[in-house]
Amino acid sequence: MNLPSEQDNELIRMRAAKLQELREMGLDPFAVERYERTHLASDILSSFEELESQTVRVAGRVSSIREMGKASFAHIEDRSGKIQLYFRKDDLAEAYQVVRLMDLGDFIGAEGFVFRTRTGEISIHVKNVVMLSKSLRPPPYGKQKGDEQWYGLQDVEQRYRQRYVDLIVNPDSREVFEKRSKIIRAIRNFYDSRDYLEVETPVLQSVAGGAAARPFLTYHNALDHQFHLRISLELYLKRLVVGGFERVYEIGRVFRNEGLSTRHNPEFTLLESYEAYSNLEDVMKLVEDLFNYICQEVYGRSKFTYQGHEIDLTPPWPRVPMLEGIRKYAGVEPEEFATLESAKAAMERLGLPTEQEDMVGGIMEKIHERFTQPNLIQPTFITDFPIETSPLAKKVPDNPELTRRFEIYIGAQETGNAFSEINDPIDQRERFIMQSARRAAGDVEAHPMDEDFIRALEYGMPPTGGLGIGIDRLIMLFTDQDAVRDIILFPQMKPEK
(Lines give C-alpha, C1' and ligand atoms only; values in the text may rest on other atoms or scores of the structure.)
Protein backbone atom coordinates (compact mmCIF):
# COMPACT_ATOMS: atom_id res chain seq x y z
CA MET A 1 0.00 0.00 0.00
CA ASN A 2 1.48 3.37 -1.01
CA LEU A 3 1.73 5.97 1.74
CA PRO A 4 0.97 9.61 0.89
CA SER A 5 3.97 11.29 -0.70
CA GLU A 6 5.32 14.64 0.49
CA GLN A 7 3.67 16.22 -2.55
CA ASP A 8 0.32 14.60 -1.68
CA ASN A 9 0.57 15.87 1.88
CA GLU A 10 1.26 19.38 0.59
CA LEU A 11 -1.85 19.20 -1.64
CA ILE A 12 -3.93 18.11 1.37
CA ARG A 13 -2.62 21.08 3.36
CA MET A 14 -3.48 23.45 0.51
CA ARG A 15 -7.02 22.08 0.29
CA ALA A 16 -7.47 22.37 4.05
CA ALA A 17 -6.38 26.01 3.82
CA LYS A 18 -9.04 26.62 1.15
CA LEU A 19 -11.64 25.02 3.41
CA GLN A 20 -10.61 27.36 6.23
CA GLU A 21 -10.89 30.35 3.90
CA LEU A 22 -14.41 29.30 2.86
CA ARG A 23 -15.40 28.98 6.50
CA GLU A 24 -14.04 32.43 7.31
CA MET A 25 -16.24 33.76 4.51
CA GLY A 26 -19.28 32.07 6.06
CA LEU A 27 -19.42 29.45 3.25
CA ASP A 28 -18.69 26.26 5.18
CA PRO A 29 -19.44 23.48 2.65
CA PHE A 30 -19.98 20.86 5.35
CA ALA A 31 -22.77 22.94 6.89
CA VAL A 32 -24.92 22.57 3.76
CA GLU A 33 -27.54 19.83 4.28
CA ARG A 34 -29.50 19.86 1.05
CA TYR A 35 -29.41 21.09 -2.53
CA GLU A 36 -32.45 20.81 -4.77
CA ARG A 37 -31.53 20.13 -8.38
CA THR A 38 -33.94 20.25 -11.29
CA HIS A 39 -32.06 18.11 -13.81
CA LEU A 40 -29.37 15.48 -14.17
CA ALA A 41 -26.53 15.97 -16.64
CA SER A 42 -27.99 13.44 -19.06
CA ASP A 43 -31.39 15.19 -18.99
CA ILE A 44 -29.81 18.40 -20.27
CA LEU A 45 -27.66 16.72 -22.89
CA SER A 46 -30.56 14.70 -24.29
CA SER A 47 -33.11 17.54 -24.22
CA PHE A 48 -31.02 20.52 -25.27
CA GLU A 49 -33.53 21.82 -27.83
CA GLU A 50 -36.21 22.02 -25.14
CA LEU A 51 -33.95 23.39 -22.41
CA GLU A 52 -31.82 25.87 -24.36
CA SER A 53 -31.83 29.24 -22.55
CA GLN A 54 -33.85 27.71 -19.70
CA THR A 55 -32.65 27.97 -16.07
CA VAL A 56 -31.59 24.67 -14.47
CA ARG A 57 -30.01 23.56 -11.21
CA VAL A 58 -27.43 20.76 -11.22
CA ALA A 59 -25.05 19.22 -8.68
CA GLY A 60 -22.11 16.85 -8.84
CA ARG A 61 -18.40 16.22 -8.33
CA VAL A 62 -15.90 18.48 -10.09
CA SER A 63 -13.87 16.37 -12.53
CA SER A 64 -12.02 19.05 -14.51
CA ILE A 65 -11.20 22.76 -14.14
CA ARG A 66 -9.85 25.16 -16.74
CA GLU A 67 -9.22 28.82 -15.87
CA MET A 68 -9.25 31.55 -18.54
CA GLY A 69 -8.61 34.93 -16.92
CA LYS A 70 -11.86 36.23 -15.45
CA ALA A 71 -13.75 33.12 -16.53
CA SER A 72 -13.48 29.40 -15.85
CA PHE A 73 -14.80 26.15 -17.27
CA ALA A 74 -15.39 23.00 -15.23
CA HIS A 75 -17.05 19.64 -15.67
CA ILE A 76 -19.14 18.06 -12.98
CA GLU A 77 -20.23 14.43 -12.83
CA ASP A 78 -23.45 13.09 -11.35
CA ARG A 79 -24.91 9.60 -11.48
CA SER A 80 -26.05 10.09 -15.08
CA GLY A 81 -22.88 11.50 -16.62
CA LYS A 82 -20.92 14.69 -17.08
CA ILE A 83 -21.75 18.27 -18.13
CA GLN A 84 -19.69 21.44 -18.59
CA LEU A 85 -20.18 24.56 -16.48
CA TYR A 86 -19.13 28.07 -17.51
CA PHE A 87 -18.33 30.61 -14.77
CA ARG A 88 -17.80 34.33 -15.40
CA LYS A 89 -16.52 36.51 -12.58
CA ASP A 90 -18.71 39.48 -13.53
CA ASP A 91 -21.86 37.30 -13.31
CA LEU A 92 -21.09 35.69 -9.98
CA ALA A 93 -19.63 38.62 -8.03
CA GLU A 94 -18.81 37.40 -4.49
CA ALA A 95 -19.90 33.85 -5.37
CA TYR A 96 -16.90 33.65 -7.70
CA GLN A 97 -14.84 33.06 -4.56
CA VAL A 98 -16.31 29.54 -4.53
CA VAL A 99 -14.93 28.97 -8.03
CA ARG A 100 -11.54 30.38 -7.02
CA LEU A 101 -11.34 27.96 -4.09
CA MET A 102 -12.68 24.97 -6.01
CA ASP A 103 -10.59 21.79 -6.50
CA LEU A 104 -10.97 18.56 -8.40
CA GLY A 105 -13.17 16.24 -6.38
CA ASP A 106 -15.26 18.95 -4.73
CA PHE A 107 -19.05 18.71 -4.85
CA ILE A 108 -20.82 21.85 -6.03
CA GLY A 109 -24.32 22.95 -6.89
CA ALA A 110 -24.81 25.31 -9.84
CA GLU A 111 -27.76 27.28 -11.19
CA GLY A 112 -27.76 28.88 -14.64
CA PHE A 113 -29.09 28.78 -18.18
CA VAL A 114 -28.39 26.14 -20.81
CA PHE A 115 -26.42 27.13 -23.90
CA ARG A 116 -23.98 25.76 -26.44
CA THR A 117 -20.39 27.06 -26.51
CA ARG A 118 -18.58 28.24 -29.64
CA THR A 119 -16.97 24.80 -29.82
CA GLY A 120 -20.41 23.19 -29.81
CA GLU A 121 -20.42 21.73 -26.30
CA ILE A 122 -23.70 21.83 -24.40
CA SER A 123 -23.02 23.72 -21.16
CA ILE A 124 -24.55 25.72 -18.32
CA HIS A 125 -23.78 29.42 -17.94
CA VAL A 126 -23.67 29.58 -14.15
CA LYS A 127 -25.38 32.46 -12.32
CA ASN A 128 -25.03 31.04 -8.82
CA VAL A 129 -22.73 28.39 -7.34
CA VAL A 130 -22.61 26.70 -3.93
CA MET A 131 -19.88 24.51 -2.45
CA LEU A 132 -21.57 21.37 -1.10
CA SER A 133 -18.55 19.37 0.07
CA LYS A 134 -14.80 19.97 0.03
CA SER A 135 -12.50 17.17 -1.12
CA LEU A 136 -9.52 17.28 1.23
CA ARG A 137 -7.68 14.51 -0.60
CA PRO A 138 -6.93 15.00 -4.30
CA PRO A 139 -8.55 12.25 -6.38
CA PRO A 140 -5.99 10.52 -8.63
CA TYR A 141 -7.23 12.03 -11.88
CA GLY A 142 -3.67 12.78 -12.94
CA LYS A 143 -2.84 15.67 -15.22
CA GLN A 144 -5.51 17.35 -17.28
CA LYS A 145 -5.33 17.04 -21.04
CA GLY A 146 -7.64 19.52 -22.71
CA ASP A 147 -11.06 19.12 -21.11
CA GLU A 148 -10.52 15.49 -20.13
CA GLN A 149 -8.73 14.13 -17.10
CA TRP A 150 -6.24 11.31 -17.49
CA TYR A 151 -7.63 8.64 -15.23
CA GLY A 152 -5.19 7.50 -12.57
CA LEU A 153 -5.33 4.86 -9.84
CA GLN A 154 -3.40 2.22 -11.74
CA ASP A 155 -2.38 0.42 -8.52
CA VAL A 156 -4.61 -2.67 -8.57
CA GLU A 157 -4.45 -3.27 -4.83
CA GLN A 158 -5.41 0.33 -4.13
CA ARG A 159 -8.38 -0.03 -6.49
CA TYR A 160 -9.68 -2.92 -4.38
CA ARG A 161 -8.88 -1.42 -0.97
CA GLN A 162 -10.20 2.03 -1.81
CA ARG A 163 -13.08 1.16 -4.12
CA TYR A 164 -14.63 4.55 -3.43
CA VAL A 165 -11.65 6.17 -5.19
CA ASP A 166 -11.79 3.64 -8.03
CA LEU A 167 -15.44 4.51 -8.60
CA ILE A 168 -14.65 8.24 -8.63
CA VAL A 169 -12.04 8.07 -11.38
CA ASN A 170 -12.82 4.92 -13.39
CA PRO A 171 -16.09 5.05 -15.36
CA ASP A 172 -15.51 1.47 -16.57
CA SER A 173 -15.53 0.25 -12.98
CA ARG A 174 -18.82 2.04 -12.26
CA GLU A 175 -20.32 0.48 -15.38
CA VAL A 176 -19.42 -3.04 -14.20
CA PHE A 177 -21.23 -2.55 -10.90
CA GLU A 178 -24.22 -0.96 -12.57
CA LYS A 179 -24.44 -4.07 -14.78
CA ARG A 180 -24.13 -6.24 -11.68
CA SER A 181 -27.19 -4.59 -10.18
CA LYS A 182 -29.07 -4.95 -13.46
CA ILE A 183 -28.22 -8.67 -13.69
CA ILE A 184 -29.37 -9.40 -10.13
CA ARG A 185 -32.58 -7.50 -10.80
CA ALA A 186 -33.08 -9.58 -13.96
CA ILE A 187 -32.61 -12.81 -11.98
CA ARG A 188 -35.30 -11.77 -9.51
CA ASN A 189 -37.67 -10.77 -12.32
CA PHE A 190 -37.09 -14.12 -14.03
CA TYR A 191 -37.91 -16.19 -10.94
CA ASP A 192 -40.78 -13.99 -9.83
CA SER A 193 -42.38 -14.30 -13.27
CA ARG A 194 -42.29 -18.09 -12.86
CA ASP A 195 -44.13 -18.04 -9.55
CA TYR A 196 -41.10 -18.74 -7.36
CA LEU A 197 -41.18 -17.41 -3.82
CA GLU A 198 -38.10 -15.47 -2.69
CA VAL A 199 -37.14 -16.39 0.88
CA GLU A 200 -34.40 -15.80 3.44
CA THR A 201 -32.71 -18.55 5.44
CA PRO A 202 -30.31 -18.42 8.43
CA VAL A 203 -26.75 -17.21 8.07
CA LEU A 204 -25.82 -18.56 11.53
CA GLN A 205 -26.16 -22.34 11.49
CA SER A 206 -25.38 -25.08 13.97
CA VAL A 207 -24.58 -27.43 11.07
CA ALA A 208 -23.07 -25.79 7.98
CA GLY A 209 -24.04 -28.09 5.13
CA GLY A 210 -24.99 -28.12 1.48
CA ALA A 211 -21.46 -27.93 0.06
CA ALA A 212 -17.93 -29.26 0.44
CA ALA A 213 -16.22 -26.34 2.17
CA ARG A 214 -14.61 -25.31 5.44
CA PRO A 215 -16.89 -22.91 7.37
CA PHE A 216 -16.10 -19.89 9.49
CA LEU A 217 -16.84 -20.24 13.21
CA THR A 218 -18.47 -17.66 15.46
CA TYR A 219 -19.89 -17.65 18.98
CA HIS A 220 -23.28 -16.54 20.31
CA ASN A 221 -22.81 -15.30 23.86
CA ALA A 222 -26.45 -15.33 24.98
CA LEU A 223 -27.01 -18.89 23.76
CA ASP A 224 -23.55 -20.02 24.87
CA HIS A 225 -23.22 -21.85 21.57
CA GLN A 226 -20.79 -22.02 18.68
CA PHE A 227 -22.28 -21.38 15.25
CA HIS A 228 -21.00 -21.56 11.69
CA LEU A 229 -21.49 -18.98 8.99
CA ARG A 230 -23.40 -20.74 6.22
CA ILE A 231 -21.50 -22.21 3.28
CA SER A 232 -24.62 -22.87 1.22
CA LEU A 233 -28.35 -22.15 1.07
CA GLU A 234 -29.40 -25.66 0.15
CA LEU A 235 -30.56 -27.56 3.20
CA TYR A 236 -32.86 -24.87 4.58
CA LEU A 237 -34.43 -24.27 1.16
CA LYS A 238 -35.18 -27.98 0.85
CA ARG A 239 -36.75 -27.89 4.30
CA LEU A 240 -39.13 -25.31 2.84
CA VAL A 241 -39.99 -27.66 -0.03
CA VAL A 242 -40.84 -30.25 2.62
CA GLY A 243 -43.05 -27.64 4.26
CA GLY A 244 -45.07 -27.08 1.09
CA PHE A 245 -43.35 -24.20 -0.71
CA GLU A 246 -43.09 -25.84 -4.11
CA ARG A 247 -40.95 -23.19 -5.81
CA VAL A 248 -38.43 -21.22 -3.75
CA TYR A 249 -35.27 -19.24 -4.41
CA GLU A 250 -32.80 -17.19 -2.42
CA ILE A 251 -30.02 -14.77 -3.35
CA GLY A 252 -27.74 -14.51 -0.35
CA ARG A 253 -24.22 -14.20 0.99
CA VAL A 254 -22.36 -17.36 1.92
CA PHE A 255 -18.97 -17.75 3.57
CA ARG A 256 -16.22 -20.29 2.96
CA ASN A 257 -12.98 -20.35 4.91
CA GLU A 258 -10.73 -20.83 1.90
CA GLY A 259 -7.88 -19.09 0.09
CA LEU A 260 -8.09 -16.06 -2.17
CA SER A 261 -7.71 -16.33 -5.94
CA THR A 262 -8.99 -14.78 -9.16
CA ARG A 263 -12.01 -17.10 -8.80
CA HIS A 264 -12.49 -17.18 -5.02
CA ASN A 265 -13.46 -14.68 -2.34
CA PRO A 266 -14.25 -16.00 1.16
CA GLU A 267 -17.67 -14.32 1.11
CA PHE A 268 -19.70 -14.33 -2.07
CA THR A 269 -23.25 -14.19 -3.39
CA LEU A 270 -25.10 -17.37 -4.22
CA LEU A 271 -28.36 -18.04 -6.02
CA GLU A 272 -30.17 -21.27 -5.20
CA SER A 273 -33.60 -22.38 -6.40
CA TYR A 274 -35.70 -25.51 -5.85
CA GLU A 275 -38.76 -26.70 -7.72
CA ALA A 276 -40.95 -29.59 -6.59
CA TYR A 277 -42.00 -32.24 -9.11
CA SER A 278 -39.09 -31.43 -11.45
CA ASN A 279 -35.86 -33.24 -12.31
CA LEU A 280 -32.39 -32.54 -13.70
CA GLU A 281 -33.58 -32.07 -17.28
CA ASP A 282 -36.18 -29.52 -16.12
CA VAL A 283 -33.42 -27.60 -14.34
CA MET A 284 -31.29 -27.64 -17.51
CA LYS A 285 -34.13 -25.96 -19.40
CA LEU A 286 -34.51 -23.48 -16.53
CA VAL A 287 -30.80 -22.61 -16.74
CA GLU A 288 -30.90 -22.12 -20.50
CA ASP A 289 -33.92 -19.82 -20.15
CA LEU A 290 -32.36 -17.90 -17.23
CA PHE A 291 -29.06 -17.21 -18.97
CA ASN A 292 -30.80 -16.16 -22.17
CA TYR A 293 -33.12 -13.85 -20.21
CA ILE A 294 -30.17 -12.17 -18.50
CA CYS A 295 -28.30 -11.75 -21.78
CA GLN A 296 -31.35 -10.24 -23.44
CA GLU A 297 -31.78 -7.80 -20.55
CA VAL A 298 -28.11 -6.73 -20.60
CA TYR A 299 -27.22 -6.92 -24.30
CA GLY A 300 -30.52 -7.33 -26.12
CA ARG A 301 -29.50 -10.64 -27.73
CA SER A 302 -28.42 -14.21 -26.94
CA LYS A 303 -24.70 -13.68 -27.52
CA PHE A 304 -22.00 -11.87 -25.58
CA THR A 305 -18.20 -11.72 -25.52
CA TYR A 306 -16.07 -13.20 -22.76
CA GLN A 307 -12.27 -13.00 -22.84
CA GLY A 308 -12.16 -12.80 -26.62
CA HIS A 309 -14.72 -15.57 -27.24
CA GLU A 310 -18.20 -14.95 -28.59
CA ILE A 311 -20.49 -16.99 -26.35
CA ASP A 312 -23.72 -18.22 -27.94
CA LEU A 313 -26.42 -19.06 -25.39
CA THR A 314 -28.90 -20.40 -27.93
CA PRO A 315 -30.42 -23.63 -26.51
CA PRO A 316 -30.16 -26.54 -26.31
CA TRP A 317 -26.70 -26.67 -24.77
CA PRO A 318 -24.63 -29.87 -25.10
CA ARG A 319 -25.02 -32.48 -22.34
CA VAL A 320 -21.69 -34.29 -21.81
CA PRO A 321 -21.23 -37.05 -19.20
CA MET A 322 -18.06 -36.49 -17.19
CA LEU A 323 -16.51 -39.82 -18.23
CA GLU A 324 -17.18 -39.05 -21.88
CA GLY A 325 -15.37 -35.72 -21.59
CA ILE A 326 -12.44 -37.39 -19.82
CA ARG A 327 -12.22 -40.00 -22.57
CA LYS A 328 -12.26 -37.30 -25.27
CA TYR A 329 -9.82 -34.81 -23.75
CA ALA A 330 -7.60 -36.94 -21.47
CA GLY A 331 -7.68 -40.28 -23.28
CA VAL A 332 -8.73 -42.19 -20.15
CA GLU A 333 -11.33 -44.94 -20.65
CA PRO A 334 -14.26 -45.29 -18.20
CA GLU A 335 -13.15 -48.77 -17.10
CA GLU A 336 -9.89 -47.30 -15.77
CA PHE A 337 -11.93 -45.87 -12.90
CA ALA A 338 -13.11 -49.30 -11.78
CA THR A 339 -10.72 -49.31 -8.80
CA LEU A 340 -8.73 -46.74 -6.86
CA GLU A 341 -5.47 -48.34 -8.02
CA SER A 342 -6.33 -48.19 -11.73
CA ALA A 343 -7.64 -44.62 -11.37
CA LYS A 344 -4.40 -43.53 -9.69
CA ALA A 345 -2.42 -45.24 -12.44
CA ALA A 346 -4.33 -43.21 -15.05
CA MET A 347 -3.68 -40.04 -13.07
CA GLU A 348 0.05 -40.78 -12.91
CA ARG A 349 0.12 -41.44 -16.65
CA LEU A 350 -1.31 -37.95 -17.16
CA GLY A 351 1.39 -36.41 -14.99
CA LEU A 352 -0.87 -35.45 -12.08
CA PRO A 353 0.14 -35.96 -8.41
CA THR A 354 -1.64 -38.80 -6.62
CA GLU A 355 -0.31 -38.59 -3.06
CA GLN A 356 -3.45 -36.98 -1.62
CA GLU A 357 -5.97 -39.07 -3.58
CA ASP A 358 -7.96 -41.70 -1.70
CA MET A 359 -11.18 -42.00 -3.71
CA VAL A 360 -12.02 -42.64 -7.35
CA GLY A 361 -14.52 -39.78 -7.53
CA GLY A 362 -11.95 -37.22 -6.49
CA ILE A 363 -9.57 -38.46 -9.18
CA MET A 364 -12.31 -38.24 -11.81
CA GLU A 365 -13.04 -34.64 -10.93
CA LYS A 366 -9.37 -33.60 -10.92
CA ILE A 367 -8.79 -35.11 -14.36
CA HIS A 368 -11.96 -33.42 -15.58
CA GLU A 369 -10.82 -30.04 -14.22
CA ARG A 370 -7.35 -30.39 -15.73
CA PHE A 371 -8.20 -31.73 -19.19
CA THR A 372 -11.89 -31.30 -20.01
CA GLN A 373 -12.78 -27.96 -18.42
CA PRO A 374 -10.33 -25.80 -20.46
CA ASN A 375 -12.14 -26.91 -23.63
CA LEU A 376 -15.63 -25.95 -22.47
CA ILE A 377 -15.85 -22.48 -23.99
CA GLN A 378 -19.43 -22.61 -25.24
CA PRO A 379 -22.23 -23.36 -22.72
CA THR A 380 -22.07 -27.02 -21.71
CA PHE A 381 -23.67 -29.22 -19.06
CA ILE A 382 -21.26 -31.79 -17.59
CA THR A 383 -23.35 -34.61 -16.11
CA ASP A 384 -23.03 -37.87 -14.14
CA PHE A 385 -20.75 -36.85 -11.28
CA PRO A 386 -19.25 -39.50 -8.96
CA ILE A 387 -21.20 -40.39 -5.83
CA GLU A 388 -18.26 -39.71 -3.48
CA THR A 389 -18.32 -36.00 -4.32
CA SER A 390 -22.10 -35.62 -4.61
CA PRO A 391 -23.67 -36.39 -1.22
CA LEU A 392 -26.98 -34.61 -1.98
CA ALA A 393 -27.80 -35.86 -5.50
CA LYS A 394 -29.88 -38.88 -6.51
CA LYS A 395 -28.03 -41.90 -7.94
CA VAL A 396 -28.09 -42.67 -11.66
CA PRO A 397 -30.58 -45.60 -11.78
CA ASP A 398 -28.42 -47.93 -13.90
CA ASN A 399 -25.09 -46.90 -12.36
CA PRO A 400 -25.22 -46.20 -8.59
CA GLU A 401 -21.58 -45.04 -8.60
CA LEU A 402 -22.70 -41.90 -10.46
CA THR A 403 -25.28 -39.25 -9.60
CA ARG A 404 -27.97 -37.17 -11.25
CA ARG A 405 -25.95 -33.98 -11.10
CA PHE A 406 -24.65 -31.45 -13.59
CA GLU A 407 -22.36 -28.44 -13.57
CA ILE A 408 -22.61 -25.47 -15.92
CA TYR A 409 -19.49 -24.49 -17.88
CA ILE A 410 -19.12 -21.31 -19.95
CA GLY A 411 -15.85 -19.73 -21.03
CA ALA A 412 -13.99 -22.72 -19.53
CA GLN A 413 -15.30 -21.73 -16.08
CA GLU A 414 -17.67 -23.58 -13.76
CA THR A 415 -20.66 -21.33 -13.12
CA GLY A 416 -23.34 -23.46 -11.49
CA ASN A 417 -24.30 -26.80 -9.99
CA ALA A 418 -27.59 -28.72 -10.01
CA PHE A 419 -29.11 -31.99 -8.76
CA SER A 420 -32.09 -34.18 -8.94
CA GLU A 421 -32.29 -33.92 -5.16
CA ILE A 422 -32.24 -36.90 -2.81
CA ASN A 423 -35.63 -37.23 -1.14
CA ASP A 424 -35.00 -40.69 0.34
CA PRO A 425 -34.04 -40.14 4.02
CA ILE A 426 -32.44 -43.59 4.23
CA ASP A 427 -30.18 -42.93 1.25
CA GLN A 428 -29.39 -39.44 2.58
CA ARG A 429 -28.37 -40.82 5.97
CA GLU A 430 -26.05 -43.34 4.31
CA ARG A 431 -24.42 -40.54 2.30
CA PHE A 432 -23.93 -38.44 5.42
CA ILE A 433 -22.41 -41.43 7.24
CA MET A 434 -19.98 -41.88 4.34
CA GLN A 435 -19.06 -38.18 4.54
CA SER A 436 -18.75 -38.31 8.34
CA ALA A 437 -16.17 -41.06 7.97
CA ARG A 438 -14.15 -38.78 5.73
CA ARG A 439 -14.43 -35.96 8.28
CA ALA A 440 -13.19 -38.32 10.98
CA ALA A 441 -10.23 -39.14 8.74
CA GLY A 442 -9.29 -35.45 8.53
CA ASP A 443 -11.23 -34.09 5.55
CA VAL A 444 -12.45 -30.73 6.93
CA GLU A 445 -14.57 -30.12 3.80
CA ALA A 446 -16.56 -33.37 4.00
CA HIS A 447 -20.27 -32.89 4.61
CA PRO A 448 -21.32 -33.08 8.28
CA MET A 449 -24.18 -35.17 9.63
CA ASP A 450 -27.40 -33.13 9.82
CA GLU A 451 -30.01 -35.02 11.83
CA ASP A 452 -32.63 -32.30 11.57
CA PHE A 453 -32.42 -32.29 7.77
CA ILE A 454 -32.87 -36.06 7.70
CA ARG A 455 -35.84 -35.67 10.04
CA ALA A 456 -37.33 -33.17 7.57
CA LEU A 457 -36.93 -35.69 4.73
CA GLU A 458 -38.65 -38.31 6.87
CA TYR A 459 -41.79 -36.14 6.76
CA GLY A 460 -41.63 -36.49 2.97
CA MET A 461 -40.21 -34.30 0.20
CA PRO A 462 -41.56 -34.49 -3.37
CA PRO A 463 -39.21 -35.12 -6.30
CA THR A 464 -37.27 -31.87 -6.59
CA GLY A 465 -34.83 -30.24 -8.97
CA GLY A 466 -32.29 -27.91 -7.35
CA LEU A 467 -29.89 -25.34 -8.75
CA GLY A 468 -27.03 -23.28 -7.35
CA ILE A 469 -25.26 -20.51 -9.29
CA GLY A 470 -22.38 -18.36 -8.07
CA ILE A 471 -23.64 -14.85 -8.78
CA ASP A 472 -20.12 -13.41 -8.79
CA ARG A 473 -18.90 -15.82 -11.47
CA LEU A 474 -22.06 -15.13 -13.45
CA ILE A 475 -21.32 -11.39 -13.24
CA MET A 476 -17.73 -12.04 -14.38
CA LEU A 477 -19.08 -13.74 -17.49
CA PHE A 478 -21.59 -11.08 -18.46
CA THR A 479 -19.21 -8.16 -17.76
CA ASP A 480 -16.13 -9.81 -19.36
CA GLN A 481 -13.98 -9.72 -16.22
CA ASP A 482 -11.35 -12.36 -15.42
CA ALA A 483 -10.93 -11.66 -11.68
CA VAL A 484 -13.64 -11.94 -9.04
CA ARG A 485 -12.31 -8.88 -7.19
CA ASP A 486 -13.26 -6.72 -10.17
CA ILE A 487 -16.96 -7.48 -9.70
CA ILE A 488 -17.14 -7.38 -5.87
CA LEU A 489 -17.40 -3.84 -4.54
CA PHE A 490 -15.32 -4.51 -1.44
CA PRO A 491 -13.36 -7.76 -1.88
CA GLN A 492 -11.58 -9.35 1.05
CA MET A 493 -7.95 -8.23 1.38
CA LYS A 494 -5.09 -8.90 3.74
CA PRO A 495 -5.08 -6.38 6.60
CA GLU A 496 -3.49 -3.10 5.54
CA LYS A 497 -0.05 -2.50 7.05
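**Cavities, rings and a helix**

Mentor: The structure holds two cavities of 30 Å³ or more. The model is predicted, so local features need pLDDT of at least 70 and side-chain atom pairs count only at pLDDT 80 or more, while totals for chains, interfaces and linings use all residues. Residues are numbered from 1 along each chain as its sequence is written, and side-chain values use heavy atoms, with hydrogens and water left out.

Trainee: What makes a space a cavity?
Mentor: On a 1 Å grid over the protein atoms alone, a cavity is a set of points where a 1.4 Å probe fits but cannot get out; lining residues have an atom within 4 Å of a point. The volume is the space filled by probe spheres set on the points, which are joined across faces, edges and corners.

Trainee: Which helix gives the most to the lining of the second largest cavity?
Mentor: Helix H9 (residues 234–242) does, with four residues.

Trainee: Why is the pair of Phe-304 and Phe-478 called tilted?
Mentor: Rings of Phe, Tyr and Trp (its six-membered ring) pair if their centres lie within 6.5 Å; planes under 30 degrees apart count as stacked, over 60 as edge-to-face and the rest as tilted. The centres of Phe-304 and Phe-478 are 4.7 Å apart and the planes stand at 40°, so the pair is tilted. Phe-304 is in strand S14 (residues 303–306) and Phe-478 in helix H16, 174 residues apart.

Trainee: How do you know that Phe-304 and Phe-478 are buried?
Mentor: Buried means under 20% relative accessible area, exposed over 50%, partly exposed in between (1.4 Å probe, protein chains only). Phe-304 has 2% and Phe-478 has 0%, so both are buried.

Trainee: Why is Glu-336 called buried?
Mentor: Its relative accessible area is 18%, so Glu-336 is buried by that cut-off. Glu-336 is found in the loop between H11 and H12. Residues up to four places away in sequence aside, it touches Gly-331, Ser-342, Ala-343, Ala-346 and Arg-349, where contact means heavy atoms within 4.5 Å.

Trainee: What span is expected of helix H13, and what does it reach?
Mentor: The expected span is 1.5 Å times one less than the number of residues. H13 (residues 360–372) has 13 residues and reaches 17 Å from its first C-alpha to its last, close to the expected 18 Å.

Trainee: What makes H13 mostly covered?
Mentor: Ten of its 13 residues are buried, among them Ile-363 and Phe-371. The buried residues of H13 pack against helix H11 (322–330), helix H12 (340–349), strand S17 (380–386) and strand S19 (399–410).

Technical notes
Helices (H or I, at least four residues) and strands (E, at least two) are DSSP runs, numbered from the N terminus. On a 1 Å grid over the protein atoms alone, a cavity is a set of points where a 1.4 Å probe fits but cannot get out, and a pocket is an open set with protein on both sides within 12 Å along at least five of seven lines; lining residues have an atom within 4 Å of a point.
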